[in-house]
Amino acid sequence: MKKSAMLFAITLCVMSMLLPGCSKAGDAVPIGAIFPLSGPVAFYGNESRDGALLAIEEINAAGGLLGRQLVLISEDDEGNAEKCVNALTKLTTRDKVSFLIGSSTSGPTMAISTLAQRSKVILISPSATNEVVTHAGDFIFRACFIDPFQGVVGADFAYSTLNSRRAAVLYDAGADYNTGLADSFKRQFRTLGGQIVADEAYMTGDVDFSAQVTRIRAVNPDVVYLPNYYNDVTLQAKQLRDQGITCALVGGDGWDGLVDNAGDEVLNGFWSSGFASDTTDPRGVAFVRAFQTRYGRTASQFAALGYDSMLLVADGIRAAGSFDTTAVKDAMARLSGSYVTGNIRFDANRDPIKGATILEIVRQGGNLVNVYNSTVNPR
């Protein structure tokens, strides 16, 4: 009896290695994730990590990829470029990762893009919007729109929808993301016929913007563009309102998380986003419901972009019929289809061709919320 049981066990073990769709317990494919899970922009990283994890759980529940399960290995870069490089080294050498999602912001992502390209590791960032992120090579992708497009969207919205003609800009001169949005906004707003009446900068870590706000108030703008992260915008909006500046405030996707940290000073605020949680698109609705069930909170655009980043990698693997990264990156470059954050196809730089959603901050039921305002599509 014991001999028969042992023979049966050996047979099952051999079959699990030979039959399609079967995998050994230790044969899971590691997917790396580098995000700011702590620090000033931890909201972005935790949202994207959770979105990617939800996608992996759904993929595994449906049978995995090419008969293998996936496992997410997350590292915290704290929004720091050097720590992002250290995380990449650990993931690629110790954990043998060939597919990597991250990071959330442009500086850390650019610090690892050349290294990932050199190692033939597929890197896809959910939300690094600086234009040069993908210039490192053909293994580098992103799921979000780029800074020039986002800055143009902000300028078009301010000029055409808000009928603004006099714009002030206040931005962090020490951050690639902020300067990229500011430059493209100013260029487009002037092209449309508008006037930049105040061009104010500050340095990362500043908390007192009273001097810049005083100069902005003196020129009486009808819109203030704040292409900064939500933690800075929380302070800036309050200081602008405290000095009597009541005009519309416009910003980029760095505003995600603002409504959870600010007060009524951010009302009459509008920002460009990669996703609206009040979407009526069936795929988006299903994602929002699944995310709420899994994590007990409403999905942000960073969660949706993390989810889509993982799906884009998975679809590339399916299309290639292989985990070979050279085959997968070629297959990913040819993808075109419907995802949670919209219809996505890649241009020659592996930047997605997709629209931007404009969200408005309003008060509903005693809470500040982001509601869909409009969509701006690529020209």
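Predicted model: local features only at pLDDT ≥ 70, side-chain atom pairs only at ≥ 80, totals over all residues.
Visitor: How do you know what share of the residues is buried?

Guide: A residue counts as buried when its relative accessible area is under 20%, and 53% of the 379 residues of the protein fall in that class. The protein exposes about 15600 Å², of which carbon and sulfur atoms supply 52%.

Visitor: What share of the contacts joins residues at least 24 apart?

Guide: Taking contact to mean heavy atoms within 4.5 Å, and considering contacts between residues at least 6 apart in sequence, one finds that 67% join residues at least 24 apart.

Visitor: Why is strand E10 called mostly covered?

Guide: Buried means under 20% relative accessible area, and 5 of the 5 residues of strand E10, residues 269–273, are buried. Gly 269, Trp 271 and Ser 273 point one way from E10 while Phe 270 and Ser 272 point the other way, and all of these are buried.

Visitor: How do you know that E10 pairs with E9 and with E14?

Guide: Two strands pair if at least two bridges are found between them. Strand E9, residues 248–251, is joined to E10 by 3 bridges and runs parallel to it, with Leu 249 standing opposite Gly 269. Strand E14, residues 356–364, pairs with E10 over 4 bridges in the antiparallel sense, and here Ser 272 stands opposite Ile 358.

Visitor: Why do E11 and E13 stand at the edges of their sheet?

Guide: Three strands form an open sheet in the order E11-E12-E13, with antiparallel pairing. Strand E11 (336–339) and strand E13 (352–353) each have a single partner strand, so one side of each is left without a neighbour in the sheet.

Visitor: How far apart are the mean positions of the positive and negative charges?

Guide: The mean positions of the 33 positive and 39 negative charges are 6 Å apart.

Terms used. Residues numbered from 1 in each chain as written. Heavy atoms only, no water. Buried < 20%, exposed > 50% of the residue type's maximum accessible area, 1.4 Å probe, protein only. Areas by Shrake-Rupley, 256 points an atom, 1.4 Å probe, with all protein chains shown as cover. Lys, Arg positive; Asp, Glu negative; His and termini not counted. Charge placed at Lys NZ, Arg CZ, Asp CG, Glu CD. Helix = DSSP H or I, 4+ residues; strand = E, 2+ residues; numbered from the N terminus.
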